[in-house]
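Please keep the sequence and the model in view while reading.

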Amino acid sequence: MAEGCINLLLNTKDTSELFAPLPSARIKYACIATSSQHIALGANSGGVYCFARDTLKYVQLLTNKEGPVSQVKFSPDGSWLAVVTGGGHVALWEYSVHKAPPWERCHASTLLKDAVVKALQWDGKGARLFYGDDQGRVALIPLPKRSIVFKLPDEIVYQAKESIVQIDVYQDTLLISTTAQCMLYRLVSRKVFQVGTKGRDGVFGACFDARWKDRPPVIFSARPNGRVWEADIEGTVLSTLKLKEFVTFPSSPILGPGYTPDFTQLVKTPSQALNFSSLRMFKRQYMVGWQEGVLFFFNPSTYTLAVWTAELPSILDVCADSGELVVLYGGGRRVGLLGVVSLEECVRTLVEEKMVTQEVELVCHYTSDVMKLLSYSKEVIPSLQSLLESVQGTLPPTPLGSTAQEGSPPPPPSPHPLPFAPTGRLSCSCYAHHCC
């Protein structure tokens, strides 16, 4: 992160309602997708559970008979949902507010039958759906402008030698990452350009960074040991990012509803080799890389690591198509709706949501930073000043205050309602470990 800037990961909602419709503990979610209106969770039962995005209210169960659902993906406008099931089947569901139920299955492709579909990606206009399998084939389903109830003319547009890992689309160019290399494929000219000159063996993702309207996109291609190539639209490597070298601060805990952050147990460095199986752009600001238990947010504009976390075990899927990064983890048993926020934004949110325990933990851990925040903030956060005074008055000596002399009376109680331990001190895990 930039010097003097503290970023944190804040969960915006309690997502326990997303698991209420599951009829059995044996049914688990395997993948997730979001649009501006909906959240879709594909399950090992073959069903896709759809919820309203703003309220998390259950909307509809989309049933599929072809087997467990492995991938789901909304079109950019949210009117279509692509669903990958067993045996290489790809189904398209259309949404209409005028129908009850609103989702209707319109098309099922068997072009890649008996294969395993590994990647799924819409183009920017939602007019074409691309998907790739473990046999190296990349297929296309073109969508007409009007509603459909008949079979679409899907076709194979590219054949690689190795299994497909990830696909991204920029206009008429496909970025195809396989288990051996990363390449650019021009749909019109059918020309292929390899990204870089060196191959690699393993599951590594790649994505476009198309933030600019007046210049071509940049390519990010994952490499072994936490390295990421930055390349131009012709496949020429411009630089190599060694993301592990950017880890100069501990993993961020997850704050917000449904979480119990512990600032005393923060991981200082990733415990495993960083091999990012997927790369995605989030909010046109961060390149997000993830593997089973680690999530990285890299800012390519400033070449800084904004935040990272090792607090999400067994990540199954990550969706970066909206204002929140939606993470399915815990072996399909938990969902996080995460936002990257500054310390000030995090404090304000916790105060507004009256999450006092987390507020205490945060202020205990970042006491000096909160003091700086109060010194330059034009508007003093309600109750934060009294909370900070409580922390300073009840915690052991810190660089921000002097040691109370022996025999001096204890500080008066804070007017702010806080959880207190029997001793009258703040019940803060940071205090217990003297990390403040």
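Strand E23 and strand E24 (residues 286-291) are paired in the antiparallel sense, over 5 bridges. Strands (E, at least two residues) and helices (H or I, at least four residues) are DSSP runs, numbered from the N terminus. Two strands pair if DSSP finds at least two bridges between them. Within E24, tryptophan 290 is the bridge partner of serine 278.

These strands belong to an open, antiparallel sheet of 4 strands, in the order E23-E24-E25-E26. Strand E23 (278-282) and strand E26 (304-309) are its edge strands, and each pairs on one side only. From one strand to the next, the twist averages 20 degrees. Such angles run from 0 to 180 degrees between N-to-C directions, and axes are lines fitted to C-alpha atoms, for helices over the stretch in contact.

## Basis and confidence of the model

This is a predicted model, in which local features need pLDDT of at least 70 and side-chain atom pairs count only at pLDDT 80 or more, while totals for chains, interfaces and linings use all residues. Residues are numbered from 1 along each chain as its sequence is written, and side-chain values use heavy atoms, with hydrogens and water left out.

The protein has a mean pLDDT (the predictor's confidence in each residue, from 0 to 100) of 86, and 83% of its residues reach 70 or more. Over residues 395-408 the pLDDT is below 50, and this stretch has 11 contacts in the model beyond near neighbours in sequence. Contact means heavy atoms within 4.5 Å. Residues 429-436 also have pLDDT under 50, and the model gives them 25 contacts beyond four places in sequence.

Another open sheet is formed by 5 strands in the order E22-E1-E29-E28-E27, with mixed pairing. Strand E22 (254-255) and strand E27 (317-319) stand at the edges with a single partner strand each, so one side of each has no neighbour in the sheet. E27 pairs with strand E28 (residues 325-329) in the antiparallel sense over 3 bridges. Valine 326 in E28 is the bridge partner of cysteine 319.

Helix H1 lies across strand E1 (7-11), E22 and strand E29 (334-342), and runs at about 120 degrees to E29.

## The helix pair

The axes of helix H1 (residues 343-352) and helix H2 (residues 356-365) come within 9 Å and cross at roughly 150 degrees. H1 and H2 are therefore roughly antiparallel to each other; angles over 145 degrees count as roughly antiparallel, under 35 as roughly parallel, 65 to 115 as roughly perpendicular and the rest as oblique.

H1 contributes Leu343, Cys346, Val347, Leu350 and Val351 to the contact, and H2 contributes Gln358, Glu359 and Leu362.

## Features of the loops

Serine 79 lies in the loop between strand E6 (71-74) and strand E7 (80-84). Its C-alpha is 5.1 Å from that of tyrosine 95, although the two are 16 residues apart in sequence. Leaving aside residues up to four places away in sequence, serine 79 touches Trp93, Glu94, Tyr95 and Trp103.

Most residues other than glycine have a negative phi, and most peptide bonds are trans. Leucine 56, in the loop between strand E4 (47-52) and strand E5 (58-63), has a positive phi, near 65 degrees. The peptide bond from alanine 100 to proline 101 is cis, with omega near 0 degrees. Proline 101 is placed in the loop between strand E8 (90-95) and strand E9 (103-109).
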